[in-house]
Amino acid sequence: MQGACVSVLCVCICVSVLLRSAISQPPTESDTYTECTDGYQWDHQTEHCKDINECETIADACKGEMKCFNHYGGYLCLPRSASVIPAPEPPITPTETNPCPLGYEAQGDSCVDINECERDEDDCQPSQQCINTQGAFTCQCPDGYRKVGTECIDIDECRYRYCQHRCVNVPGSFSCQCEPGFQLAGNNRSCIDVNECEMGAPCSQRCYNTYGTFLCRCDQGYELGPDGFACNDIDECSYSSYLCQYQCVNQPGKFSCVCPEGYQLQGTRLCQDVNECETGEHQCSDTQTCVNIHGRYQCVDTNRCQDPYVQVSENRCVCPVNKPVCRDLPFSIVHRYMSITSERSVPSDIFQIQATSVSPGAYNTFRIRSGDENGDFYIRQINNISAMLVLARAVSGPREYTLDLEMVSVNPLHSYQGNYQTSSALRLSIYAGPYSF
């Protein structure tokens, strides 16, 4: 609006619109956006912003004695005596200096288009691009912007959910970003899973890729550390004392059982005594006999008969009746050997004595003749011909006991003056090993 005159008698508003300005501002370029500034609305037919006639759309736009006058982008409330007289548009007629229409110039006998963009005769904003048209020009916004009135407004592409995960709007453009564990696909908008296991995931042993992340796992014998990446060795030996019969040895990722000297591993956890007498690993001489005991062996003289006894078989000694000293000694002594483990539960039956021959009418009793000064053993008679040697107290090894177990036979049928009594002994060598298994 170039001028206005208002008085008591009359109100005159003159509005002149430059035709040149109208030509230089054609309707905004069509795009897919329908936002307009205040006072305008989108016209789907022309695909441009169209002025809103508030005098028609707003009820009682002006109050009292005021009259509503619509104008571009708004309206005026003036006295009812006022009127708006638009200025007449100047006719587009050739002039003496330029016989061609506006936007053209004469070249010889022809009128050619003026390129206002090259002559800087446009009024486009610095951010806009001037595009020459026949007889005029248009101002175009760069990509990522839309035209609202004469201004270029950034398009917020993120509103249209171009991105699968996250969208970041920037002036004139946008970028897509993915959540951790994903990466942009070739279309720069979709997100695909990242295989962290192939990209150097910090798992110390095994890695399993999952959707959007990964998991670390450990081999048998290891457990996952608090950080979720490192695998720490499991000390199986600390969990139970029953894994191995003798000793458990922890190793990276596993454990093993070991046995003491004189034993060998049977299976994975049990210890079995090595019979050195059978394997030939002993150092007994030709005049000695190898006796196997728990964890080791013992070399004993082949002839263990001491005077007045004489050897009659491999392990049996007899005291001749023609020797007076033999009257108070057992008639025969049989040598036997055995071994027991340390800390054995008590009382415990460890050896049974059995008579090999019994005279009719004889009455037999059993006793420990010698070797049990501390009372570690006792005899429990089973019947007339057998008895059991019982361990009374727990023993710890290595230790050796030599017990003379005697069977006394009383037979009244063979006696003319009193009871006839005879005895025989079993000399038992007991070896208590150093281990409790």
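Is Phe229 buried, partly exposed or exposed? With a relative accessibility of 33%, Phe229 counts as partly exposed. The points below concern a predicted model.

1. Aromatic pairs. The structure holds 10 aromatic pairs. In one of them, the ring centres of Phe214 and Phe229 are 6.2 Å apart and the ring planes lie at 15 degrees, so this pair is stacked. Phe214 belongs to strand β19, whereas Phe229 sits in the loop between β20 and β21 (231-233), so the pair ties together parts that are 15 residues apart in sequence. Elsewhere, Tyr246, Tyr263, Tyr435 and Phe437 form one aromatic cluster.

2. Salt bridge of Arg206 and Asp219. The whole structure contains nine salt bridges. One of these joins the side chains of Arg206 and Asp219, with an N to O distance of 3.1 Å. The pair links distant parts of the chain, 13 residues apart: Arg206 is in strand β18 (residues 206-210), and Asp219 is in the loop between β19 (213-217) and β20 (222-224). Arg206 is partly exposed at 33% relative accessibility, and Asp219 is partly exposed at 35%.

3. Salt bridge of Asp307 and Lys323. In this salt bridge the closest N and O atoms are 3.9 Å apart. Both partners lie in loops: Asp307 in the one between β27 (296-301) and β28 (310-311), and Lys323 in the one between β29 (316-318) and β30 (332-340). The pair thus links distant parts of the chain, 16 residues apart. Asp307 is exposed, with a relative accessible area of 71%, whereas Lys323 counts as partly exposed at 28%.

4. Salt bridge of Glu406 and Arg367. The closest N and O atoms of Glu406 and Arg367 are 2.6 Å apart. Glu406 counts as buried, because its relative accessibility of 2% falls under the 20% cut-off. Arg367, at 43% relative accessibility, is partly exposed. Through salt bridges with shared partners, Arg367, Arg369 and Glu406 are joined into one network.

5. Nonpolar cores. The largest nonpolar core comprises 20 residues, and Ile350, Phe351, Leu389 and Ile430 have the most contacts inside it. At least two residues of this core come from each of β30, β31 (348-354), β34 (386-391), β35 and β36 (420-432). Leaving aside neighbours within four places in sequence, the contacts of Ile430 include Met338, Ile340, Ile350, Phe377 and Leu389. Arg399, Glu400, Tyr401 and Leu403 are also among the residues in contact with Ile430.

6. Disulfide of Cys197 and Cys207. The structure holds 19 disulfides. One joins Cys197 to Cys207, with an S to S distance of 2.0 Å. The link of Cys197 and Cys207 is left-handed, with -75 degrees about the S-S bond. Cys197 lies in the loop between β17 (191-193) and β18, while Cys207 is in strand β18, so the pair ties together parts that are 10 residues apart in sequence. Cys197 is partly exposed, with a relative accessible area of 27%, and Cys207 is partly exposed, with 26%.

7. Disulfide of Cys259 and Cys271. The sulfur atoms of Cys259 and Cys271 are 2.0 Å apart and form a disulfide. The torsion about the S-S bond is about -95 degrees, so the disulfide of Cys259 and Cys271 is left-handed. Cys259 is placed in the loop between β23 (254-258) and β24 (263-266) and Cys271 in strand β25 (residues 270-273), so the pair ties together parts that are 12 residues apart in sequence. Cys271 is buried, with a relative accessible area of 10%.

8. Disulfide of Cys319 and Cys326. What is the sulfur separation in the disulfide of Cys319 and Cys326? Their sulfur atoms are 1.7 Å apart. With a torsion of about -80 degrees about the S-S bond, the disulfide of Cys319 and Cys326 is left-handed. Both Cys319 and Cys326 are buried.

Methods
Residues numbered from 1 in each chain as written. Predicted model: local features only at pLDDT ≥ 70, side-chain atom pairs only at ≥ 80, totals over all residues. Heavy atoms only, no water. Salt bridge = Lys/Arg side-chain N within 4 Å of Asp/Glu carboxyl O. Helix = DSSP H or I, 4+ residues; strand = E, 2+ residues; numbered from the N terminus. Buried < 20%, exposed > 50% of the residue type's maximum accessible area, 1.4 Å probe, protein only. Core = buried A, V, L, I, M, F, W, Y, C linked by side-chain atoms within 4.5 Å. Contact = heavy atoms within 4.5 Å. Phe/Tyr/Trp six-rings, centres within 6.5 Å; stacked < 30°, edge-to-face > 60°. Disulfide = S-S within 2.5 Å.
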